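Morning, everyone. Please take a look at the model on the screen, and then we'll walk through it together.

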Amino acid sequence: QKELHYVPGHDGMVHLFEWKWHDIADECERFLGPMGFGGVQVSPIQENVIVGSRPWWERYQPISYKWYTRSGTPDEFREMVRRCNNAGVRIYVDVVFNHMTGDHDNAKGTGGTTADTHGFSYPGVPYSQYDFHYPPCAINNYQDPANVRNCELVGLHDLDQSKEYVREKIVNFLNEAVDAGVAGFRVDAAKHMWPEDLKTIFSRLKNLNPEHHFPSDARPYIVQEVIDYGGEAISKYEYNSFGAVTEFRYGMEISNSLNGNNPLKWFVNWGEAWGLLPSQDALVFIDNHDTQRGNPNILTYKSSKLYKMAVAFMLAHPYGTARIMSSFKFDTFDANPPQDSVGNLLSPTINPDDTCGNGWVCEHRWRQIYNMVRFRNAANNTDVNNWWDNGQNQIAFCRGNAGFIAINGDKYDLKQTLFTCVEPGTYCDVISGNLENNKCTGKVVTVDQDRKAYIEIPLNQEDGVLAIHRGAKV
Ligand code: LAG
Ligand code: CA
């Protein structure tokens, strides 16, 4: 269950964090489909407890498995999945079934469901005390697998997935989404569940719904969120035999290097040799919705130049399934998503230059990022070849003879004639510009008969990357 079932000619997943369903449907049709994106990770679909201040994280506290959230209704969800699939863009749902809510007085959900959280009673499912690890204990020892998996993560009531009844509720919840046409799931807090239980649950999922352009016998894609930076009792290798796994070391190492702690030239053997999962098992990303607000060492939209370099490297490199974060602006950990005075989520507005307004960052609409999605598509099925570096932080490599990228992570200009692998001709650097009506609005790169070109990335420019590919010839 590691196959994404992207539509041919599409690649790259974008996490449209906290977007509403009808806005995602619009985005699939007007932008993601035409730009060649492969899929969208959407925020949790199950009903969550309403937290008074309406932080984003209330969605990680399920109160029932009904599809009523601030993102929309069940009908709106189904309609989005249908429209996105028709636009060639797959939908992956963030599913939360390690736990239900924490303790809340008079708990009420986004669909009106109530619960006695202190009594571990959730009539909307229904679950009772018996379905949980009860009496509760707190996770406080990451060297002890039983503590991590059978106790409560930050006070969230911990379901017992070894119970047949609990498994059945979870499987039904997931299968309803499969019926609606989703292509797979991001499994929240997978590290906090036993691999054997997960394996059983996933084995009971239906095949993908053939009415949504999936091949027959297609299995749902599963990516399990297992945070493993090393040094804890639970390993990502306990999970990758039966589904893909989030590779948290990926964004950590790239951020670390661009922050000046390791030379970029070391990335010549980037991949399993670095202790990363096998490529086909790994979901990779620079930041996610947790690390962007909780981990100061991870690059985010806030350090835009370095961040675009990181994302460009990720999309140019063939290792792993790439996921792009699409954020809302925030100052503090708890900051609300864009919302009105009564707590309804706001839709993004689209500016004339394709960027977003209304508090949405929309990294996926930054030219340097969406053009690298196109690069990734153009370079599909090729390897890294003709690696070059200056012994420090200036690197370049090809993808077969389909594309070439150079990155300047040094504190001085990159000015070099380099072998580009691509056929002779005139190319548009898709980082500094777009190809519009056969004209390049950015740097033009001339590749000579020897497939060499003069490459320039001055330090004072907006971006530290240059990229050309066979899909963007002038
Ligand atoms: C995840 N992956 O394993 C999510 O990616 C992450 O965003 C979730 O935490 C977490 N696991 C649980 O699904 C988020 C926030 C937490 C928040 C939690 C539940 O990072 O801060 O906890 O969602 O809403 C909040 C409070 C805690 C409180 C807890 C229970 O911050 O202080 O104890 O709620 O009331
Ligand atoms: Ca657990």
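How much space lies in the largest pocket? About 740 Å³. Keep in mind that this is a predicted model.

Who lines that pocket? There are 26 lining residues. Closest to the centre of the largest pocket are L153, V154, E225, I227 and D290. By class, its lining has 12 nonpolar, 8 polar and 6 charged residues.

Now the second largest pocket. Its volume is about 560 Å³. Here 22 residues form the lining, and L4, Y6, D11, G320 and N380 are the closest to the centre. The class count for this second pocket is 5 nonpolar, 11 polar and 6 charged residues.

Next, the metal. Which protein atoms are donors to the calcium ion, ligand 2? N98 gives its OD1, R149 its O, and H192 its O.

Follow the donors along the chain and you get the spacing N-x50-R-x8-D-x33-H. Take N98 and D158 from that set: they link distant parts of the chain, 60 residues apart. N98 sits in the loop between β3 (90–95) and β4 (107–108). D158 sits in the loop between α3 (145–150) and α4 (164–180).

Are these two buried or exposed? N98 has 1% relative accessibility, so it counts as buried. D158 is at 0%, so D158 counts as buried too. The cut-off for buried is under 20%.

That's the tour. Over to you for questions.

Methods
Residues are numbered from 1 along each chain as its sequence is written. Chains are lettered from A and ligands numbered from 1 in the order in which they are written. This is a predicted model: local features need pLDDT of at least 70, side-chain atom pairs count only at pLDDT 80 or more; totals for chains, interfaces and linings use all residues. Side-chain values use heavy atoms; hydrogens and water are left out. Donors are N, O and S atoms within 2.8 Å of the metal (3.2 Å for Na, K and Ca); water is not among the atoms, so sites may look incomplete. Helices (H or I, at least four residues) and strands (E, at least two) are DSSP runs, numbered from the N terminus. Buried means under 20% relative accessible area, exposed over 50%, partly exposed in between (1.4 Å probe, protein chains only). On a 1 Å grid over the protein atoms alone, a cavity is a set of points where a 1.4 Å probe fits but cannot get out, and a pocket is an open set with protein on both sides within 12 Å along at least five of seven lines; lining residues have an atom within 4 Å of a point. Grid points are joined across faces, edges and corners, and a volume is the space filled by probe spheres set on the points. Ala, Val, Leu, Ile, Met, Phe, Trp, Tyr, Cys and Pro count as nonpolar, Asp, Glu, Lys and Arg as charged, and the others, Gly among them, as polar.
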